[in-house]
Amino acid sequence: MARYTQAKCKLCRREGEKLFLKGDRCYTDKCAYEKRPYPPGHAGRMRHKMSDYAIQLREKQKVRRMYGVLEGQFRMYYKRAEGMKGVAGHNLLFLLERRLDNVIYRLGFANSRDQARQLVRHGIFKLNGRRVSIPSMQVKAEDVIEVREEARKIPVINEAQEVIARRGCPEWLESDGANFKGTVKAMPSREDIQFPINEQLIVELYSK
């Protein structure tokens, strides 16, 4: 599957805020955005007046990059969100939040969504007792996710568990780090997504 392989810190700088793409490093003074909080390139420090379209595009790119999905995938999620009951922008965020790789990251079994995606593809986790390897799977209420017993000594999983207190676990999930297990207590609500996102800009972009 195609994926972004360039420097992730450039994405944060391009979007003008931290997207937390490199896990625990983003919380330290080693974070590239802390050192250079302006877009990459020669014209990065220049001020540019952005059009309405540019503002909408940047918001879409920010969310897409934060969750680590490709353009085609993101458009597919939006079309699906449009066909659901409720507000399209909220539905879009709910679909992204319910991705298995995102839930594993939120539960503290990985330092980043990218790392969670890689672990899922290697079959490290079980969903309701069955081994899974598809990062885009949608979880539902009462689903139980656990690390396979033979994989519980993997260093990156234990390291991630040590920093979950700093990142916090959303209320719609329950993390049981001692038993390498997590539960989906309920479906996410808009209030559970604390990252500053203006989903209405994405709706306006795709409505043109």
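Mentor: Contact means heavy atoms within 4.5 Å. Helices (H or I, at least four residues) and strands (E, at least two) are DSSP runs, numbered from the N terminus. This is a predicted model, in which local features need pLDDT of at least 70 and side-chain atom pairs count only at pLDDT 80 or more, while totals for chains, interfaces and linings use all residues. Residues are numbered from 1 along each chain as its sequence is written, and side-chain values use heavy atoms, with hydrogens and water left out.

Trainee: Which residues of α9 do residues of α5 meet?
Mentor: On the α5 side, the contact involves A88, G89, H90, L92 and L93. By class, the contact of α5 with α9 has 5 nonpolar, 2 polar and 1 charged residues; Ala, Val, Leu, Ile, Met, Phe, Trp, Tyr, Cys and Pro count as nonpolar, Asp, Glu, Lys and Arg as charged, and the others, Gly among them, as polar.

Trainee: At roughly what angle do the axes of α5 and α9 cross?
Mentor: Axes are lines fitted to C-alpha atoms, for helices over the stretch in contact, and angles run from 0 to 180 degrees between N-to-C directions. Angles under 35 degrees count as roughly parallel, over 145 as roughly antiparallel, 65 to 115 as roughly perpendicular and the rest as oblique. The two helices are therefore roughly perpendicular to each other. The axes of α5 (residues 88-97) and α9 (residues 199-206) come within 8 Å and cross at roughly 110°.

Trainee: Is E97 buried or exposed?
Mentor: E97 has its place in helix α5. Residues that E97 touches, not counting those up to four places away in sequence, include Y67, R106, R113 and W172. Buried means under 20% relative accessible area, exposed over 50%, and partly exposed in between (1.4 Å probe, protein chains only). With a relative accessible area of 0%, E97 is buried.

Trainee: Which strands stand at the edges of the sheet?
Mentor: Two strands pair if DSSP finds at least two bridges between them. The 5 strands form an open sheet with antiparallel pairing, in the order β2-β1-β3-β5-β4. Each edge strand has a single partner strand, so one side of it is left without a neighbour in the sheet; these strands are β2 (130-131) and β4 (173-176).

Trainee: What is the bridge partner of L127 in β3?
Mentor: Strand β1 (residues 125-127) runs antiparallel to β3 (residues 144-147), and 3 bridges join them. β3 also pairs with β5 (residues 181-184) in the antiparallel sense over 3 bridges, where E146 has K181 as its partner. For L127, the partner in β3 is I145.

Trainee: How far apart in space are I145 and F180?
Mentor: I145 counts as buried, at 0% relative accessibility. Among the residues that I145 touches are L100, V103, I104, L107 and F180. I145 and F180 are 35 residues apart in sequence, and their C-alpha to C-alpha distance is 8.5 Å.

Trainee: At about what angle does α6 run to β4?
Mentor: Helix α6 (residues 100-107) lies across β1, β3, β4 and β5. Its direction relative to β4 is about 55°.
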